[in-house]
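Please look over the model shown here. The report below covers sheets, a helix contact, salt bridges and backbone angles.

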Amino acid sequence: MKIYNVGIYARLSQENKNKRYDEDSVSIENQVSMLTRFIAMMPGWIKTRTYIDDGASGTNFQRRGFIDMMEDVRSGVINLVLVKDLSRFGRNYLEAGHYLEEELPALGCRFVAIGDNIDTETGETDIMAFLNAINDYFVRNTSDRIKSVMSAKAKDGQKLSGVVPYGYDRNPNARTRLIVDEYAAAVVRKVFALRSTGMGYNAIAGVLNKEGFTPPRRYYFERQGRTTKAECAVAWTIRTIKLMLCNEIYLGHTVSMKRGTRSYRDSRTYLRDESEWIRVENTHPPIITTEIWDKVQILNQTAKKIAANHQTPQQRLFSGLLICSDCNVKMGYAKHTETKKDGRVADFGAYVCRTYIGSGCVVCSSHRINERTLKALVISNIREAASKVIRDEAAMQESLQRIFLDERKTGKAKMAQEKRLLEQQLIEYDNRIEKLYDERDEGLITPEDFYAYVGEVEAQREVSEKRCSTLRESILKVETKTNDINKWISLIKEKFATDEADRDLLESLIDRIEVGRKQTADGVPTQDVRIFYKFAGETVKPSL
């Protein structure tokens, strides 16, 4: 008798997660329970793994549970996939057909859908392609109906989705309609008024932050009695001001259907052409007048043209590597050049905190550091770290392994020995199960005792298998980290005599550089700069 290691697969779509089900429903619990009972009735079937995708669409197969299941099929952990019906497996006709008619048979894996009476072992699959097509049609038809409803609501000027724009609230008597939030509306009017005088985005953000107005994101959460750690909730930023100043919602108009999906099988969105947007005027009370809107849009377009004429900024030497030590936001490059009397152009560009710049120079502080100064500091630090490696490479290697591998390296031999014993144990468990089958077939044990004994062995086997898997991962981490450390040591030794730094060098050696704010001690300006190396952590603390 052939033994089948069965993998139960259960799926529930997002729209059905919160619904109430009866005993014959497709809820996750009932699916698993039904399939488990079915396995218990089948001779030679052993429940091996259960894979669950709760709240996952059947239109694509990028689901965590499904991916794990297919990995186990490919590695031989299971050789039978059991589902309640084909729609639980998937609703994409093409991809479902690929897995059921090509990949699973090629891997020697049996597929059974009990609700649709499909079993690839017995050849009862004639209806499978037809059912897959019906499931696919169901999704497409549902998608078309949802789009039709959404389009009708958009044409009626209803607010379809998303957070209510700052300045408005939902009408308690009609949730898709907006009413004015007087506090926030006053701030919106102030923003438009400041912009209409020619004030820049940065300056407007600075005014709002100095005067203590709550930024939109935080205001939204505070009104609900909640908190948020989102960066955009810390302060007013240039981006927030820009988005507000080009939003027609403040004229009393609703613009919908800006984004769409290319197919019911592809949930990724894209920005539609403006001609496809649905724009309905006078759907709610306006906050600003048409006159001030037109004046602001002229200023915005002028600013956009000026920005478009500027050259595309090139990636700077330390872009993406510098972190503000106070707000933990990546620092940006501020270009600054001066022309000398002899005509030479001197570059005094520096890196500054993005939070500071984006908030109108109100939140955080600049943490400004000149690129040339930073470059000299980093080169010096690299050479110092390289000299430590050269002086005693073995000590450095041992130190790094102690820091990053803790006790795992010293226990690697013990882990390897335990893994070998567990692997031998797994073989013994397989032999015991085969022997139990022989004893059952020879009538030496009853079917009831057989299933009880097999269940006990399988439970022990599962514990050993999980421990063995954990050991494999731990051993692999030790080996990977050891190789990384050795590569880092070899690379930094090469840079002992370097007097130049390029992008490739920095990306290879450095994880991040934390820049502190400038301070003065005893009349002497100082600035803490902490360099964190890949695979080596913070080796030296240079200061300016």
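## The mixed sheet

Three bridges join strand β1 (residues 4-12) to strand β3 (residues 80-83), and the two run parallel. Ile-8 stands opposite Leu-82 in β3. Helix α1 (residues 28-40) packs on the sheet and touches β1, β2 and β3. The direction of α1 makes about 160° with that of β1. Helix α2 (residues 64-75) also packs on the sheet, touching β1, β2 and β3. The direction of α2 makes about 150° with that of β2.

The open sheet has 5 strands in the order β2-β1-β3-β4-β5, with mixed pairing. β2 (45-54) and β5 (118-119) stand at the edges, each with a single partner strand, so one side of each has no neighbour in the sheet.

## Basis of the model

This is a predicted model, in which local features need pLDDT of at least 70, side-chain atom pairs count only at pLDDT 80 or more, and totals for chains, interfaces and linings use all residues. Residues are numbered from 1 along each chain as its sequence is written, and side-chain values use heavy atoms, with hydrogens and water left out.

Some terms need cut-offs. Helices (H or I, at least four residues) and strands (E, at least two) are DSSP runs, numbered from the N terminus. Two strands pair if DSSP finds at least two bridges between them. Contact means heavy atoms within 4.5 Å. Axes are lines fitted to C-alpha atoms, for helices over the stretch in contact, and angles run from 0 to 180 degrees between N-to-C directions.

## The antiparallel sheet

An open sheet of 3 strands has the order β13-β16-β17. Its pairing is antiparallel. The edge strands are β13 and β17 (369-370), and each pairs on one side only. 4 bridges join β13 to strand β16 (residues 350-353). Met-331 has Cys-353 in β16 as its bridge partner.

## Where α6 meets α9

The axes of α6 and helix α9 (residues 238-245) come within 11 Å and cross at roughly 90°. That makes α6 roughly perpendicular to α9 (angles under 35 degrees count as roughly parallel, over 145 as roughly antiparallel, 65 to 115 as roughly perpendicular and the rest as oblique). Val-188, Val-191, Phe-192 and Arg-195 of α6 make the contact with Ile-241, Met-244 and Leu-245 of α9.

By class, this contact of α6 with α9 has 6 nonpolar, no polar and 1 charged residues. Here Ala, Val, Leu, Ile, Met, Phe, Trp, Tyr, Cys and Pro count as nonpolar, Asp, Glu, Lys and Arg as charged, and the others, Gly among them, as polar.

## Salt bridges

Side chains of opposite charge can pair when their charged atoms come close. The structure holds 18 salt bridges (a side-chain nitrogen of Lys or Arg within 4 Å of a carboxyl oxygen of Asp or Glu). One of them joins the side chains of Arg-88 and Asp-85 at 3.8 Å, N to O. Both Arg-88 and Asp-85 are buried (buried means under 20% relative accessible area, exposed over 50%, partly exposed in between, with a 1.4 Å probe and protein chains only).

The side chains of Arg-223 and Asp-181 meet at 3.0 Å, N to O, in a salt bridge. This pair links distant parts of the chain, 42 residues apart. Arg-223 is in helix α8 (residues 216-223), and Asp-181 is in the loop between β7 (174-180) and α6 (182-196). Arg-223 counts as partly exposed, at 46% relative accessibility. Asp-181 counts as buried, at 9%.

Arg-517 forms a salt bridge with Asp-326, and their closest N and O atoms are 2.9 Å apart. Arg-517 lies in the loop between β18 (510-515) and β19 (519-521), and Asp-326 in the loop between β12 (322-324) and β13 (331-334), so the pair ties together parts that are 191 residues apart in sequence. Arg-517 is partly exposed, with a relative accessible area of 38%. Asp-326 is partly exposed too, at 41%. Elsewhere, a network of salt bridges links Asp-511, Arg-512, Glu-514 and Arg-530.

## Positive phi angles

Cys-361 has phi near 60°, a positive value in a residue other than glycine. Cys-361 lies in the loop between α11 (354-358) and β17. At 37% relative accessibility, Cys-361 counts as partly exposed.

His-367 has phi near 55°, also a positive value in a residue other than glycine. His-367 lies in the loop between α11 and β17. At 2% relative accessibility, His-367 counts as buried.
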